Amino acid sequence: MKNYDVIIIGLGAMGSTTAYQLAKRGQKVLGIDQFGPAHDQGSSHGGSRIIRQAYFEDPSYVPLLLRSYELWEEIEKESGEDILIVTGGLMFGPPDSLTVSGSIGSAKQWGLSYEVLDSNDIRSRFPAFTPEPHHIALYEKKAGFVRPELSVYTHLQQAEKHGAELRFFEPVVSWKANPSGEGVKVVTEHGTYEAGKLVISAGAWAPQLLQDLGVSLEVERHIQMFFEPIGGIEPYRVGKHPIYIWEGDDGVQLYGFPSFGIGAEGAKVAFFRKGKPCTPQTIDRNVYTNEVELIREYLAQFIPSLNGRFLQGKTCMYTNTEDEHFVISTHPSHPQVSVAAGFSGHGFKFASVVGEILADLAIDGKTNHPIDLFSPKRFAYQ
Ligand SMILES: Cc1cc2nc3c(=O)[nH]c(=O)nc-3n(C[C@H](O)[C@H](O)[C@H](O)COP(=O)(O)OP(=O)(O)OC[C@H]3O[C@@H](n4cnc5c(N)ncnc54)[C@H](O)[C@@H]3O)c2cc1C
């Protein structure tokens, strides 16, 4: 039996960057996925994912974001692909909302450049938006989006160039870590493989593969919707239109993108959070009229020209932890196993740096990146 340095279960956002980083460092890598490269059954499809630096979720993400931008640029240079598109971003809502105050707090703490716009500034600079008079926004020039399918595909391609062996359409049935702390065995529907180390980056399937992690992971169904703007797409094109997250007075966060890629003649919009519990086996992939009508209510208030013809809706899964922070760590019971899970709907922008971290953990058992926030041991029931 062929022996590998590292096996990676799951070649989505995080597994693809990990395969690339490990192979680039000369590790003998086997990557396994149950589906094909850059598929649309998990959490990494739909054409675009917001990336921003003034991070309202917690300022401790900022150093990781700064490194993730560098690594996005590095893979772009190596591959010649445009994966990161910088188009500016607006985080808006009432001044004391998490979206606005958290973003400003993060930017201040890390000396990031930003502008604060009042509702008149917003209406004159970005006429598509119709904020309430008391709404303000943080504008960040460096915000934009990354292209998930292209990222996954490109990282996998580059990983193979650096010598990684990748197997698709091969579901992993079980894995076992030797009690000695060295060595793992992975059983798939097609065979059994052995390696020194294991990385598990299984997205919405993590609850099934990581039952002994001691972390509660809840999977949710979300919908990405594409609408054709009334009056034409021109003002919604990349370069003219920013990405945005809008927090209403009711605390609901709506976010969207300029027109790009999938649904090229439409612009994408979705709710952040507000998903329905599901599993990868039970998720309903249909999109219903009442779901389209609900998002229309918010569009009518806030970005009325986007409230045109509904083009398409694509479901996608979040995998949430209780505090909505990630889990990135060596496994508490098996030092030779590293895990990346529970990205809680905001992980993609970090995929480039998560690959670097997981490669560090697999090779050295530690990383210089600040990942204390992501320890599975933070949960009280550990
Ligand atoms: C609608 C939506 C919008 C989002 N918007 C943003 C955003 O704007 N910005 C942002 O930063 N993040 C966003 N996210 C979150 C981000 O996309 C996810 O955090 C990220 O894609 C998770 O990556 P992953 O590698 O954990 O999962 P995935 O990319 O789904 O990869 C997991 C892989 O593991 C494989 N796998 C699982 N189990 C097995 C098994 N037993 N055998 C073999 N293979 C297996 C799966 O097939 C899959 O390929 C969004 C997510 C959704 C759903």
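Student: How many bridges join strand β1 to strand β12, and do they run parallel or antiparallel?

Tutor: Two strands are said to pair when DSSP finds at least two bridges between them. Strands here are DSSP runs of E with at least two residues, helices are runs of H or I with at least four, and both are numbered from the N terminus. β1 (residues 3–9) and β12 (residues 192–200) run parallel and are joined by 6 bridges. Within this pair, Ile8 stands opposite Val199 in β12. The model is predicted, so local features need pLDDT of at least 70 and side-chain atom pairs count only at pLDDT 80 or more, while totals for chains, interfaces and linings use all residues. Residues are numbered from 1 along each chain as its sequence is written, and side-chain values use heavy atoms, leaving out hydrogens and water.

Student: Which other strands are joined to β12 by bridges?

Tutor: β11 (residues 184–188) runs antiparallel to β12, with 4 bridges. A hairpin of 3 residues links β11 to β12, and Lys185 has Glu194 in β12 as its bridge partner. β20 (residues 334–341) runs parallel to β12, with 3 bridges.

Student: What is the strand order in the open sheet of 3 strands?

Tutor: The order is β3-β8-β4, with antiparallel pairing. β3 (49–51) and β4 (84–86) are the edge strands, and each has a single partner, so one side of each lacks a neighbour in the sheet. From one strand to the next the twist averages 30 degrees. β3 and β8 (residues 144–146) run antiparallel and are joined by 3 bridges; Arg49 has Val146 in β8 as its bridge partner.

Student: Which helix lies across β3, β4 and β8?

Tutor: Angles run from 0 to 180 degrees between N-to-C directions, and axes are lines fitted to C-alpha atoms, for helices over the stretch in contact. Contact means heavy atoms within 4.5 Å. Helix α2 (residues 62–79) lies across these strands and runs at about 120 degrees to β4.

Student: At what angle do α1 and α2 pack?

Tutor: Helix α1 (residues 13–24) packs on α2 at about 70 degrees, with the axes 13 Å apart. That makes the two helices roughly perpendicular, a label for 65 to 115 degrees; under 35 is roughly parallel, over 145 roughly antiparallel, and the rest oblique. Tyr20, Gln21 and Lys24 in α1 meet Leu71, Glu74, Ile75 and Glu78 in α2. These residues divide into 3 nonpolar, 1 polar and 3 charged. Ala, Val, Leu, Ile, Met, Phe, Trp, Tyr, Cys and Pro count as nonpolar, Asp, Glu, Lys and Arg as charged, and the others, Gly among them, as polar.

Student: Which residues of α2 meet α8?

Tutor: The axes of α2 and α8 (residues 351–364) come within 7 Å and cross at roughly 100 degrees, which makes α2 roughly perpendicular to α8. Leu64, Arg67, Ser68, Leu71 and Trp72 in α2 meet Ala351, Ser352, Val353, Glu356 and Ile357 in α8. By class, that contact has 6 nonpolar, 2 polar and 2 charged residues.

Student: Which elements give two or more residues to the lining of the second largest pocket?

Tutor: Rolling a probe the size of a water molecule over the atoms shows where empty space is left. The second largest pocket has a volume of about 240 Å³. On a 1 Å grid over the protein atoms alone, a pocket is an open set of points where a 1.4 Å probe fits, with protein on both sides within 12 Å along at least five of seven lines; lining residues have an atom within 4 Å of a point. Grid points are joined across faces, edges and corners, and the volume is the space filled by probe spheres set on them. The elements are β13 (218–228) and α7 (289–302), and β13 gives the most, with 4 residues. Lining residues include Arg221, His222, Phe271 and Asn290. The classes are 4 nonpolar, 3 polar and 5 charged.
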